[in-house]
Amino acid sequence: MRRLGLALTLALSFATPVLAEEGRVIPPPAVDETALSGPETAIFAGGCFWGVQGVFQHLKGVINATSGYAGGEAATASYDQVSGGDTGHAESVQVVFDPKQISYGELLHVFFSVAHDPTQLNRQGPDVGTQYRSALFPTTEDQARIAKAYIDQLTRARAFEAAIVTKIDPGVPFYPAEGYHQNFLTVYPDHPYIATIDMPKIAALERMFPDDWRAEPVLVPAVD
């Protein structure tokens, strides 16, 4: 995204509709976790990690949400390399959460309805490339089962006009992104990209999920 010139980025963002910016009302998962114990970790990829991180940071029950990379090798888990689009990595967010406060299924509900548009293949709005793909990286067999069931449910319900292209790739390592990417939405709310692409997601989250909304985001500590 930042590899595009700013003027081109903003022009494309207005020319290309992004459903996730305004949010979409979809049914919650019919299948969800039943054994709720201890903190749990989940990994989500839905375009630029700035906005995805920001969304999850505003949810009650989220302990931490870290921007990073998943899908490729450790040696290529850096922003400069991932931005080239040929490392196999996707810009991702690792979410540590308390399932007694918010379940994996509820996180999926937010992910599909607010955080991104799951029908865009290898892109999100103005950001183009496999590094911006829609993907889930389950860390447990239960998460993989719930994710597949929810995608199947949304597909049967025709919750979106186009097909859901989100891939499920279990057991993939996560590599934290550089410090300057952490908490980017909170630190730079007036950044043109954030203001145009991501702040509408935060507004949609507050409007659509008032019971899960947390006004003060949980932030990644020790940002460079």
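Which residues have the most contacts inside the largest nonpolar core? They are Phe44, Phe56 and Phe112, in a core of 49 residues. A nonpolar core here is a set of buried Ala, Val, Leu, Ile, Met, Phe, Trp, Tyr and Cys residues joined through side-chain atoms within 4.5 Å. Helix 5 (residues 104–115) supplies the largest share of this core, with eight residues. A second, separate core holds eight residues, among them Ala45, Ala70, Ala90 and Phe137. As a general point, nonpolar side chains in soluble globular proteins tend to be buried together.

A word on the model: it is predicted, so to speak of local features takes a pLDDT of at least 70 and side-chain atom pairs count only at pLDDT 80 or more, while totals for chains, interfaces and linings use all residues. Residues are numbered from 1 along each chain as its sequence is written, and side-chain values use heavy atoms, with hydrogens and water left out.

Taken as a whole, the protein chain has 224 residues, and 54% of them count as buried (under 20% relative accessible area with a 1.4 Å probe, protein chains only; exposed is over 50%, and partly exposed lies in between). There are eight helices and eight strands in the chain, taken as DSSP runs numbered from the N terminus (H or I, at least four residues, for helices; E, at least two, for strands).

Leaving aside neighbours within four places in sequence, Phe112 is in contact with Ile26, Pro118, Leu136, Tyr150, Ile151, Leu154, Phe160, Ile164 and Thr166.

Strand 1 (residues 40–46) is mostly covered, with six of its seven residues buried. Strands count as paired if DSSP finds at least two bridges between them. Strand 1 runs antiparallel to strand 3 (residues 90–97), joined by five bridges, and Thr41 stands opposite Val96 there. Strand 1 is also antiparallel to strand 6 (residues 134–137), through four bridges; in strand 6, Phe137 is the bridge partner of Ile43.

One cavity of 30 Å³ or more turns up in the structure, a cavity being a set of points on a 1 Å grid over the protein atoms alone where a 1.4 Å probe fits but cannot get out, with lining residues having an atom within 4 Å of a point. The largest cavity holds about 40 Å³, a volume being the space filled by probe spheres set on the points, which are joined across faces, edges and corners. Its lining has 10 residues, and Gln124, Asp127, Tyr193, Ile197 and Lys201 lie nearest the centre.

How values were computed
Contact means heavy atoms within 4.5 Å. On a 1 Å grid over the protein atoms alone, a cavity is a set of points where a 1.4 Å probe fits but cannot get out, and a pocket is an open set with protein on both sides within 12 Å along at least five of seven lines; lining residues have an atom within 4 Å of a point.
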